[in-house]
Each structure stands twice: as structure tokens, then as C-alpha cells.
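Subject: Handing over the two-chain model

Hi there,

Here is the structure I promised to pass on. Could you open it alongside this note and follow along?

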Amino acid sequence: MVAILDRKLLRDVRRLWAQLLAVALVLACGVAVLIMAVGVYRSLIETRDTFYDRYGFADVFASVTRAPDRLADEIRTIDGVLRADFRVVKPAILDITGMEAPAAATVISTPDSGEPLLNRAYIRAGRLPDPNRVGEVAVSENFAKAHGFEPGDHFEALMDGKKRRLTITAIVLSPEYVYAIGPGDMVPDNARYGILYMPESVLDGIFDMDGAFNNVTLKLGRNANEDAVIERLDRLLSPYGGVGAYGRDRQISNAFVDSELTQLKAMAGVLPPIFLGVAAFLVNMVLSRMIALEREQIGLLKALGFSSPAIAVHYIKLTLVIVIIGTAIGFALGSWWGVAMTRLYVRFYTFPFLVFDWSPDVYLLAGGVAAAAALIGAARVIYSAASLPAAVAMRPPEPVRYRQLSLGFRLPRLLSELTVMALRNISRFPLRATMTVIGIAMPVALLTVGWSTSNSMDAMIRAIFFDTQRQDATVSFTDALAPEALVSLARLPGVMRAEGFRAEPVILRNGYREKHLSISSASDLDDLSRVVDADAVQLSIPPEGLMVSERVAETLGLSTGDLAQVELVTRNHRLVSVPVTSVVQSFLGLAVYMDGRALDHMIGDGDRVSGANIAVDETRLATFYGAVKDTPRIAGVALNRLSLENFRKTMRENIDIMSTIYIALAAVITFGVVYNSARILLSERGRELASLRVLGFSRAEVSQVLLVEIAALIVLAQPIGWYLGYVFAKLVISGFSSDLFTIPFVVDLDSYARASLVVVIAGLLSALVVRRRIDRFDLVEVLKTRE
Amino acid sequence: MQGQEAVKNDDRERAPIFCARGISKVYMTGEVEVRALDGVDLDLMAGEMVVLLGPSGSGKSTLLNIVGGLDRASSGTVRFRDEMISDYPEWKLTRYRRAHVGFVFQFYNLIPSLTARENVALVGAISKNPMPPEEALEMVGLKQRMDHFPAQMSGGEQQRVAIARAIAKRPEVLFCDEPTGALDSKTGILVLEVLCRINEALGATVAIITHNADIRRIAHRVITFRDGRIEGTEINQERLSPADIQW
């Protein structure tokens with residue numbers, strides 16, 4: 001008996017293949033996104049953990065101006081510290097043949113005796129530099145790749161004001177710089193930022209750091225109290241200019257990896273449920289119609305002696321066919337995306353190895369979830385079919401009851417009967433119509449989220465590079481200098497304007513809440529780096545008090561008029577109370593501004609600048625870059641113009657990839673929902689529509705009934721999609737925000753319009769595929785039979 | 001109504017409105033060839049009431065479907081007035097049905113989501129000089145039930161709505177395929193009365209397909225089908241009113 005039902009199953013599948021495939025594709029997207037997100041998440045987290053573990057990634061990091069080596073023993077004995085590493089870490093400016101702009105670098109010392117205790121480098125090629133040979137250096141892999149460097153190649157570096165020729169001996173990767181982001185950059189620029197490793201004795205000589213260190217990293221014991229260690233370390237380092245130790249959570253590279261992991265987790269948590277939910281609804285819809293059509297057959301089968309479970313199993317098998325097709329496509333798609341995504345990560349995150357996690361349990365999970373979703377969608381329909389008594393099943397179902405929406409009076413005829421037919425059908429099946437509308441709203445929301453991310457990024461670029469940080473370059477000095485230093489800067493070729501600034505590391509407190517950050521000087525005269533309000537209008541700088549960014553105000557609970565505690569960490573931790581005069585807009589980190597003179601006064605060491613923002617004549621950029629490479633006292637340089645270009649390029653690439661994927665996903669959902677809705681409408685109303693054809697209505701007019709109903713559902717779905725998109729996008733954007741930067745939340749009208757356009761086009765195309773079936777109506781056949 | 005008295009057949013010479021010549025229809029059902037019509041000639045006259053009689057499968061519906069522009073003959077020609085509709089492409093057939101032909105079917109084929117009035121108004125949208133739906137419904141005696149949906153009406157009422165819908169466009173010809181097939185005799189008679197009234201009042205040619213031999217008595221002319229051919233044609237010298245027939 002079962003074999004016969006299986007034969008029916010095969011024939012049903014062949015007959016309904018297009019509808020089943022449309023559902024399977026939606027399911028496949030859910031499976032694929034799940035496999036990709038979970039697979040990449042696992043790959044990333046496992047690779048990270050292995051890398052961190054094997055190469056001794058530290059738990060606590062601290063910088064100091066200059067601390068004597070004898071402090072090392074005291075630090076080692078802090079309770080909870082397992083290992084400690086003391087290094088010299090300095091900025092450098094690189095001059096690389098073939099690259100006009102100077103590159104920035106962070107130079108890190110390695111023990112002469114060999115490998116450090118912590119943050120060891122993975123050597124991809126070559127050998128670590130020999131302390132006995134002059135000018136040997138190991139460089140980070142992505143930087144080497146960007147320049148095509150191999151061991152044996154050379155470049156020049158400006159370190160402590162002197163230019164030196166360096167020879168590459170090794171290409172390395174460090175757990176500390178998995179995500180290596182240069183000064184002023186928003187995304188890694190591998191050509192313009194590198195990590196250099198040189199022997200301790202060599203760096204001590206170059207930077208005059210004999211018997212001293214300026215960087216501490218600690219590995220803690222399993223049960224160590226990180227906060228207590230940090231507090232103790234800060235106390236030890238503070239006399240030597242310690243600016244506050246921090247844990248892995250504030251280590252930049254690790255913070256970026258973490259935020260990527262959080263995003264993947266969010267992706268795995270948000271997208272698959274949308275697809276699986278829509279797929280469950282579609283399974284329900286397709287099966288409901290199928291069972292409605294097969295009602296009499298079910299009755300007959302039961303009358304013949306097939307049991308209710310046998311009937312249920314038959315339809316469960318049909319559901320599983322959808323699951324198998326969807327899962328198979330999803331596995332293939334998910335693996336492909338996973339590998340592609342992993343490759344994309346390798347461009348930004350440098351691990352010694354990063355391969356997509358193929359572990360079978362991910363696939364098992366995805367397949368299981370897909371089957372569960374489909375069966376949940378099918379459960380009620382199958383149950384009602386299986387529990388239908390044979391005698392009832394063989395009777396035709398009760399006729400559908402329509403109602404006239406009465407207003408108590410007759411409206412003038414506004415809508416044609418054909419339109420009324422379409423609209424009345426919607427109101428007749430409100431639940432199905434609602435689900436369909438939500439199903440169509442999802443791709444609208446998805447696309448709105450995608451494009452609003454792009455809008456928000458654009459807004460951030462505008463806010464940062466055009467409203468507030470308008471300089472072409474930011475130069476930082478080796479020490480805080482007298483303002484006269486600006487004069488020599490202004491004389492560099494191409495410099496049109498140089499605005500000095502001062503940045504002072506502090507701990508800002510409000511009650512028990514505190515943040516390590518820098519207070520920057522600001523002036524009404526500044527035109528490059530500006531402090532603006534929410535409407536991007538430049539604000540006048542009050543002579544006293546702090547102007548804090550929204551992020552700072554939020555995290556510390558400060559508002560205008562509050563008195564904030566400032567701890568000057570490099571000035572013997574002197575405490576000053578300063579009023580907050582305003583809350584300002586800033587998307588770059590934890591910005592706090594103060595009038596330049598007031599800041600000098602608070603610090604109490606006179607008029608000083610720690611760097612300058614520079615506007616450069618565009619036509620003379622090359623000569624300016626050349627001059628920077630040769631200017632002593634410049635410790636580091638951030639090339640904002642190039643940062644912007646690189647950021648835009650990267651964003652555009654990412655957004656292009658993302659848009660393509662989102663459009664494809666949206667099209668699949670739209671097609672799945674609209675195609676199936678239209679097929680079911682056609683199946684339910686075929687007889688009516690054929691009757692219309694007999695009455696003399698043309699194909700186009702008859703199609704109108706079908707298309708008007710579908711179009712009405714699509715139209716209803718748009719505002720819901722926009723709303724959901726707005727809410728989701730806001731969540732996504734706020735998820736991006738960190739102490740490093742905040743992204744303004746913006747959705748352009750354009751994004752809503754484009755999202756709708758894609759969905760409307762995909763929807764109408766899907767409906768038109770079904771419309772072709774109206775052309776193939778057999779008018780005579782329709783009239784011979786009773787519904 | 002004329003009571004027990006028979007109606008004298010009006011034997012004025014009528015002009016043919018349809019001329020079908022040598023109509024054959026061959027279906028392929030799987031491997032088997034079915035000859036539904038086998039070289040049939042048929043003329044329908046303007047304003048006449050014709051009954052096409054025959055057992056099921058004898059070819060009468062197939063012929064009406066071909067003449068009504070719903071189906072195509074395998075061979076033969078159909079002329080409607082001066083137009084050779086057997087040569088028409090699909091879109092012209094649609095236009096032809098729209099302009100000239102009304103259909104009434106055994107299963108009514110009403111649109112369940114439209115009220116009686118709306119079902120009738122439907123054809124108003126596609127015809128040049130439609131009857132107001134109220135007027136058409138009044139002709140079939142359903143003015144009181146205008147705002148009911150089909151599911152709220154009896155079979156006879158639904159069929160009368162179907163007739164009202166068919167006549168609302170003032171067709172020159174009304175094809176009725178087993179219009180009483182799904183109805184009890186009392187309701188069936190009511191429906192036939194409506195058809196007679198329309199034949200008289202509008203002057204439309206009415207062709208009624210039936211396998212019910214009793215209905216023949218109401219026609220001007222009765223054409224009998226058997227095995228895809230016309231077996232015979234008879235002219236009723238005396239027509240009965242529907243109220244006087246029984247089955």
C-alpha cells in the first residue's frame with residue numbers, strides 16, 4: 001500500500017516541481033546563511049583561540065613613556081601575573097620605493113635572545129633578525145604582501161628622526177595585530193601600515209631606551225583578577241607616564257575580531273530565522289492547497305483502508321522532499337559562501353591559517369533546523385488531513401462565504417468588478433493575506449537594512465572627513481613641543497595650513513563611571529579639525545570646560561553643567577574638576593575637547609603642541625609626502641585623504657558584495673512567496689477565471705484579477721517592510737558602534753525606494769510567470785466540471 | 001402564461017445567423033482517437049428557439065462550443081453573419097464572444113466572490129450597450145436578491161443570475177448547455193420560462209442543449225444528435241409553454 005502512495009508522491013513532485021523548488025530555495029537560503037555564518041564564526045573563533053594560545057597573546061597591555069628595567073621585577077610579582085614581557089614599541093615612518101606616500105609603522109622590540117614570552121610572531125618565511133647585524137627587520141605579512149616584499153628586500157624607515165635602511169629577514173604574523181589598523185585609518189590599509197620587529201638592543205640604541213621599556217604585556221593566571229592586576233600595574237607605571245593598562249577587550253585588533261564575531265553571531269541569529277519562517281509559511285500554504293484539492297482522494301484512500309498515519313506519512317514525505325532539496329542546495333551554497341567569506345576575511349584579518357570549518361555538525365544542525373521549520377509549517381495541515389473522517393473528506397468542502405464590506409450605504413462604483421473580485425479574496429483569507437504580506441515585507445526589510453548600512457557609512461564619512469576632520473594629514477610629534485614647531489611644519493612644501501593641537505591622556509570620571517581617553521585642544525580659529533553640533537555647524541569653543549561627545553556623555557552619564565573629574569595620568573595623577581559645557585557630535589571614538597589655553601593651563605606646563613593637522617595643496621601632495629619622509633621630530637603621520645580613499649574603496653567593495661547577496665536573497669524570498677501565492681490563487685480561482693474568459697474577457701483582463709490581488713499584497717507589504725527595515729537597521733548600526741567609532745544611523749529615501757523597486761520587480765516577474773498559465777486554460781474542460 | 005393552450009409555431013421565414021458546414025472534431029485522449037463530431041452541417045436562425053437533443057457524448061456540446069467560439073473544429077467552417085469565425089485567431093474569438101454570445105452552463109459558473117448584481121455588472125464592463133444589472137435581474141425575477149452572494153442562493157436562483165449575466169450584454173445568441181441539468185423540475189421550469197421570455201422579449205436566438213426529451217416541446221425547432229452526427233431535425237408545429245411540460 002505504501003509503495004502506491006510513494007508512486008503518487010513521485011508524480012506529485014514532478015507535477016508541482018516549480019512550487020516545491022520555490023519553497024526549497026527559500027529554505028536553502030536559510031540553510032546557506034546558517035552554514036556560512038556558523039561555519040565562519042567557528043573557523044574564526046577556533047583559529048583565533050589556537051593562534052592566541054600557541055603564540056602567547058597577552059591578557060593585559062600597557063604603555064608608558066619610559067620605565068626603568070628594574071620595575072620589571074615588581075610587575076612580574078603582581079598577584080595573578082603568570083608571565084610578563086617588557087618591550088619598546090615606537091612609531092616609525094617608512095619610505096618605500098615605488099610608493100609616493102609615506103607609510104606608518106609600529107616598531108616592536110624582540111629579545112636578543114630570541115622569541116619573546118608573549119605575543120610571539122608566527123614566522124611565515126625567513127628568520128628573525130640577528131641582533132648582531134645592523135638593520136635587520138621582520139615585517140608583518142599583509143604589509144609585505146602589499147609591497148611584494150620577500151626576505152632580502154629593503155626599505156627605509158624614519159625612526160627617532162633618523163632615516164635607516166632596513167633589510168627584511170622574515171615575514172611574520174602576530175596575534176597582537178590580526179587586524180592591523182594604522183593611525184587615522186578606518187579600515188586596514190596594508191600598503192600604508194606595517195608592523196616591524198627588531199632586536200631589543202638595536203631599538204634601545206635607536207630610541208635611546210637602554211635599561212628602559214615603554215610597553216608591558218602580561219599573561220594572567222587562570223583565576224587572576226584582571227581588574228586588580230590592571231589597578232596594581234597602573235599604580236606601578238603611573239610615575240613613569242603610564243596612560244592606563246587595559247585588557248583584551250580594549251586591545252584594538254582583538255576588539256575588531258570580537259566585533260566581527262558578534263556580527264556573525266547576529267547574522268546567524270537574525271537571517272536564518274527569517275528565511276526558515278517564510279519557508280514554513282510557504283510549506284503550509286502549498287500543502288494546504290494540495291490537501292484541499294486532494295480532499296476527495298484522501299477520503300477515498302481512507303475508505304479503501306489506508307490508515308490516518310499512512311496518510312500523514314505520505315504528506316510528511318512530501319514535506320521532506322522540500323527539505324532535502326532545500327538542504328542540498330543550502331549545503332552547496334553555504335559552503336561556497338563560507339569559503340568565499342573566509343577568503344574575504346583573510347584580506348583583513350591575518351591568521352597563520354584560516355580555513356572554512358567543514359565540520360559535519362554544522363551541516364547537521366542546519367539540516368535539522370530546516371526540517372524542523374518545514375515540518376512545523378506542515379504540521380497543522382497534515383494533522384487536519386489525516387484526521388479527516390473518510391465520509392466528510394469525500395464531500396466537497398463548504399463553500400467559501402464572502403461578505404460585502406458594508407458601510408450602511410452604497411458607494412458609487414469606484415472599482416471594477418474584476419478589482420472587487422481580487423480585493424474581496426484578500427479580505428476572505430485575512431490570515432493568509434497577512435502572512436503573505438509579511439513574507440513580502442521581509443525582503444523589503446532586508447534590502448532596506450543593506451542599503452541603510454551604506455547610507456550610514458556615507459553619513460559617517462561626511463561627518464568625519466568633511467565636517468570635522470577636514471585635514472589631509474595629521475602629524476604627531478615625538479614629544480609635546482613649543483608652538484614654534486608649527487612654523488617649520490608650515491614651511492614644508494605644499495602645506496597650506498597647519499593647525500597645532502594638543503592631546504592629553506586622562507581618565508575621565510563621573511561618580512563610579514570612568515573612561516580612559518584623550519582630551520584634545522580646540523580653538524575657534526581651527527578650520528580643519530572642527531567641533532560641530534548635530535547639524536554639522538561649527539561650534540564656538542568656550543574658554544573653560546569640556547565639550548564631550550555623545551558617546552562619552554552616554555557612557556559616563558554626563559550632561560551639560562555636570563562637573564567631571566579629570567585624572568591627569570601622566571602628571572602624577574593630579575585630579576581636576578572640570579564642568580561639562582556642552583555635548584557635541586562626534587563619530588570618532590571617545591572625543592573630548594577643551595579650549596587650547598584652558599588645556600595648557602590645566603596641565604600646567606605651558607604652551608605646547610603634540611601634533612598638527614595639515615591642509616596640503618592637492619597638486620603638491622607628492623613633494624609634501626617626500627618631505628614628511630625626511631623630517632625629523634615627526635613621530636607618526638596619518639594621511640586622512642588616503643585613509644578616506646581607502647575606506648571608501650573598501651566600503652564600496654563590501655557594499656557591492658553585500659548588495660549583490662542581499663538582492664539575490666531578497667529575490668529568492670520574493671519569488672518563493674509571490675510565485676506560490678499566485679499559483680495557489682490560480683489553482684483556487686482557475687474555474688472563475690476560465691468562466692470570465694468564456695464570458696468574453698480577454699487574457700489580459702482575466703490576468704488583472706490575479707495581478708491586482710498580488711499587486712495589492714505587494715503594495716501593502718512595502719510600508720511594513722520599510723518599518724521593519726528601519727528597526728532592524730537601527731539595531732544593526734547600533735551594534736557596530738564601539739568606543740573606536742560610532743556610526744550615525746541614516747536611511748535615505750532612496751534606500752527605501754530601491755528596496756521596494758527590487759521587490760516589486762521580482763514580485764511582478766514571479767506573478768507574470770504564473771500569468772502565462774492563464775493563456776493555457778482549457779475553457780471547455782473548466783465548464784464541464786463542478787468545482 | 002398560456003395555460004393549457006399550445007402556442008402556435010411562428011413559421012415566418014427566418015434569416016440564418018449561423019452557418020456551420022462540415023464540422024468535424026477529433027480529440028486525442030492518450031492513444032485513442034475520439035471523433036466527437038463527424039461532418040455536421042447546422043444553421044441557426046435569428047430569433048429562433050432551438051433545442052439540441054441527444055444522449056451525452058453525442059456531440060451537441062462540442063458543436064455549440066465551436067459555434068460559440070470556445071473551441072475549434074478539426075475541420076469545417078463556421079460563419080456568423082458575414083464573418084468566417086472558424087478562421088479567427090484567439091483574440092478575435094474573445095472579441096466575438098464578448099460582443100455577440102451569451103452562455104449559460106449547467107453549473108452556473110458564477111463568481112462566488114461577487115454578489116448577484118456584481119456578477120451581472122461584470123459583463124457590463126466589456127459590452128457596448130449593456131442592460132443595467134437591475135433590469136437584467138428583474139427579467140429573471142431576482143430583483144429582490146440582488147445583493148446576495150451565489151453561496152446564499154438556491155441552484156435555480158443561481159442559474160437565473162447566470163442567465164441575467166448572459167443577457168445583460170443584449171447578445172444576439174444565447175447558448176445554454178444543460179441549463180436545467182442540475183435543477184429539480186420545478187426550478188428547471190422556472191429557468192426555461194425565463195429563457196422563453198428572453199427569446200421573445202429580446203429576439204435573441206436561444207439554443208438549449210439537453211438530454212431531456214421533454215424540453216423539446218418548448219422549441220421552434222429540435223435537432224437530434226447521435227454519435228457525432230445530426231440524426232434529425234423537426235419543427236414543432238405547436239410549442240408548449242414550459243409550465244405545461246413535465247419531467
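Below is what was found, beginning with a word on how to read the model.

This is a predicted model, in which local features need pLDDT of at least 70 and side-chain atom pairs count only at pLDDT 80 or more, while totals for chains, interfaces and linings use all residues. Residues are numbered from 1 along each chain as its sequence is written, and chains are lettered from A and ligands numbered from 1 in the order in which they are written.

**Where the chains touch**

The contact between the chains draws on 23 residues of chain A and 25 residues of chain B; two residues are in contact if their C-beta atoms, placed from the backbone, lie within 7 Å. On the chain A side, helices H12 (417-428), H18 (640-695) and H21 (779-784) each supply at least two residues. Helices (H or I, at least four residues) and strands (E, at least two) are DSSP runs, numbered from the N terminus. H12(A) gives the most, with six residues. By class, this side of chain A has 11 nonpolar, six polar and six charged residues. Here Ala, Val, Leu, Ile, Met, Phe, Trp, Tyr, Cys and Pro count as nonpolar, Asp, Glu, Lys and Arg as charged, and the others, Gly among them, as polar.

**Chain A**

H18(A) also packs against helix H20 (residues 749-775) of chain A, at an angle of about 35° and with the axes 8 Å apart. Axes are lines fitted to C-alpha atoms, for helices over the stretch in contact, and angles run from 0 to 180 degrees between N-to-C directions. Among the residues that make this contact are Phe671(A) and Leu682(A) of H18(A), and Val759(A) and Gly763(A) of H20(A). The contact of H18(A) with H20(A) has 16 nonpolar, three polar and two charged residues.

Chain A also has an open sheet of four strands in the order S13-S20-S12-S21, with antiparallel pairing; two strands pair if DSSP finds at least two bridges between them. Its edge strands are S13 (495-501) and S21 (634-638) of chain A. Strand S12 (residues 473-481) of chain A is joined to S21(A) by four bridges, and Val475(A) stands opposite Val637(A) in S21(A).

**Chain B**

Chain B holds six helices and 12 strands. Its radius of gyration is 18 Å, close to the 18 Å that the globule rule gives for 247 residues, so chain B is as compact as a globular protein of that length. That radius is taken over C-alpha atoms, and the globule rule is 2.2 Å times the number of residues to the power 0.38.

In chain B, an open sheet of four strands has the order S3-S2-S5-S6, with antiparallel pairing. Strands S3 (32-45) and S6 (83-84) of chain B are its edges. Strand S5 (residues 75-80) of chain B pairs with S6(B) over two bridges, with Arg79(B) opposite Met84(B). Helix H1 (residues 60-67) of chain B lies across S2 (16-29), S3 and S5 of chain B, at about 120° to S2(B).

Elsewhere, strand S4 (residues 49-53) of chain B runs parallel to strand S10 (residues 221-226) of chain B, joined by four bridges. Val50(B) stands opposite Arg221(B) in S10(B). S10(B) is also joined to strand S11 (residues 229-235) of chain B, by six bridges and antiparallel; there Val222(B) has Glu234(B) as its bridge partner. Two residues lie between the strands of this hairpin, where Asp227(B) takes a positive phi near 50°.

Happy browsing!
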